Each structure stands twice: as structure tokens, then as C-alpha cells.
Amino acid sequence: MNRQAQAVILLLIGGAVLRASLTDQYLNYVKSGLQPYLILSGAILVVAGIFSLWYELRPARAATAGGPAADAGPAADGGGHDHEAGHGHDDGHGHGAGGPKVAWLLLAPVLGLLLVAPPALGSYAANRAGSALVEKSDFAPLPAGDPVKLTMLDYASRAVFDRGVSLGERRVELTGFAMRGPEGTWLLARMMVSCCAADARPVKVALAGELPGGLSDEQWLRLTGRYTGRQVKDTVNGETIPFIEVAEVTLIAAPVEQYES
């Protein structure tokens, strides 16, 4: 890989990062608060790639390569042998011996973002990770609204660690994707991230009550229901999965922001 190719790959990587971060695609990989940093990083890579390519192709460099210093013979470089030993085999255009071939693997994430665009993590990942709850002992009163919109983590934490006291008889609204659970149950799940998809963990709530026929994994649902004291154990890590008594279910398309943070 010569320096021109390196500059092109740098430009492509920066362009792929910019393309993802200027659309909703980046939400499949990181939480929304990181968008400004992605845009800045992509812009820096693009500028660096453009400058590197200009530096390698600029006319002054070509003229220097063919000027008097190129014809001065061994005396101009201290005998020739030391120059060659110190800098490798240069072809006169700044290409040098080239970097290792493994550097071409830098194209893999670029092609992935530009051609494949992996989706957000869903039921496949959730089935292989235990439900993640954050233990708390003090819960604020629920906000106003009927039903009250809660995150999956908020509902599950209140149901498990507060035994539903702070939930009472209030109707709550949850949004997530359906997946098969233990003991033949259906679960509502959603991936929770601290930073990005690499640290994503699922939060799971089991569904009790009447559910739509033909329900399938990955189908996104918006449901309304009330707290129930039923629980089941996650077969992956033994964590408690609370139930919700479902009153209404709406099948929806996957939201733009599929992770909770």
C-alpha cells in the first residue's frame, strides 16, 4: 500500500463516518449524544485524507523528484548506500516500500458501513444476554399522564426492586420488540446502552394478558398495561424478569432510535 492509497482509504473512512453520523444510521451503533463527536471525527479524517492526497500529488513534489537533486549521483546522498539503508527502496514518488498488506483490512469497516449497514441489535443479541437491571432503593413519583410513558428499565426496576409500590394501579406505556422467553412466555425487550452497541444489554419484561395472534420475534410493540406481581427467571443469568398485565397492544414499525440509554 503506497501513500496515495493510504490517503484514499483515510478519505473513505472519514466519508463513511460522516455519512452514518449525518443520517439516522449512527443510532444503530451509538447513543444519540455522541453524534457531534462522530461528525467532528469524520470531518477530521476527511480533511486529513484530502491533505495527504494533495501532498502526494502536488506538482511541486513531482518537480522536486525530477530536479537536480535526483541527478546528483551518489555524492548527493552521502554515498547512496546509507540513504538506501535508512529509507528503504523509494521509487522517486514518495511511495517507499509500502505498508503491510494487512492495512487493506481498513477497508472492511468502510465497506460494511457503505454497502451492508448492519442493523441495530435485536432479539438475537437479547436471547444471548441476561436481563440488565439497576438496583435502586428510592424511586421518584411517576410523572403525570394516563398512561404514563416509562422506559423499559424504569418499569422493570420499579417492578422488581420496589415491588410495584411506586407503580400502584397506574397505567403505563412501554415500547420494545417481542421475543420468546422462558416457560413459553412472550417478552417485551429493548437494548440499553451506556455508550455504544458494544456495551448493549437487554432489559426484558414478560407479557401477561391477551396478545395479538401471529406475533413474531423482532416485531416492535407499543403496549399499555398495569403492574402485576408475577415474575420469571431469565435463563441466561438468573435475573428476575417482571410481568406487565397487558391491556392494549399496537404493532408498530421499528423506531429510529432503538436503544435506550
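Student: Where is the place of R163?

Tutor: R163 is in the loop between α8 and β2 (172-180); helices (H or I, at least four residues) and strands (E, at least two) are DSSP runs, numbered from the N terminus. This is a predicted model, where local features need pLDDT of at least 70, side-chain atom pairs count only at pLDDT 80 or more, and totals for chains, interfaces and linings use all residues. Residues are numbered from 1 along each chain as its sequence is written, and side-chain values use heavy atoms, with hydrogens and water left out.

Student: And what's phi of R163 near?

Tutor: Near 50°, a positive value in a residue other than glycine. R163 is also exposed, with a relative accessible area of 64%; buried means under 20%, exposed over 50%, and partly exposed in between (1.4 Å probe, protein chains only).

Student: Which loop has E218?

Tutor: The one between β4 and β5 (220-233). Phi of E218 is near 80°, again positive in a residue other than glycine. E218 counts as partly exposed, at 37% relative accessibility.

Student: OK, β4 itself. Why is strand β4 described as largely enclosed?

Tutor: Because seven of the eight residues of β4 (residues 201-208) are buried.

Student: Which sense does β3 pair with β4 in, parallel or antiparallel?

Tutor: Antiparallel, over six bridges, with β3 covering residues 186-192. Two strands count as paired if DSSP finds at least two bridges between them. In that pairing L188 stands opposite V205 in β4.

Student: How many bridges join β4 to β6?

Tutor: Three, and β4 and β6 (residues 240-252) run parallel. There, L207 stands opposite I244 in β6.

Student: Switching to M152: buried or exposed?

Tutor: M152 is buried, with a relative accessible area of 0%. The place of M152 is in helix α8 (residues 152-161).

Student: What is M152 in contact with?

Tutor: Leaving aside neighbours within four places in sequence, the contacts (heavy atoms within 4.5 Å) include L188, V205 and E260. M152 and E260 are 108 residues apart along the chain, and their C-alpha atoms are separated by 8.1 Å.

Student: Last one, which peptide bond is cis?

Tutor: The bond joining D146 and P147 is cis, with omega about 0°. P147 lies in the loop between α7 (123-126) and β1 (148-149).
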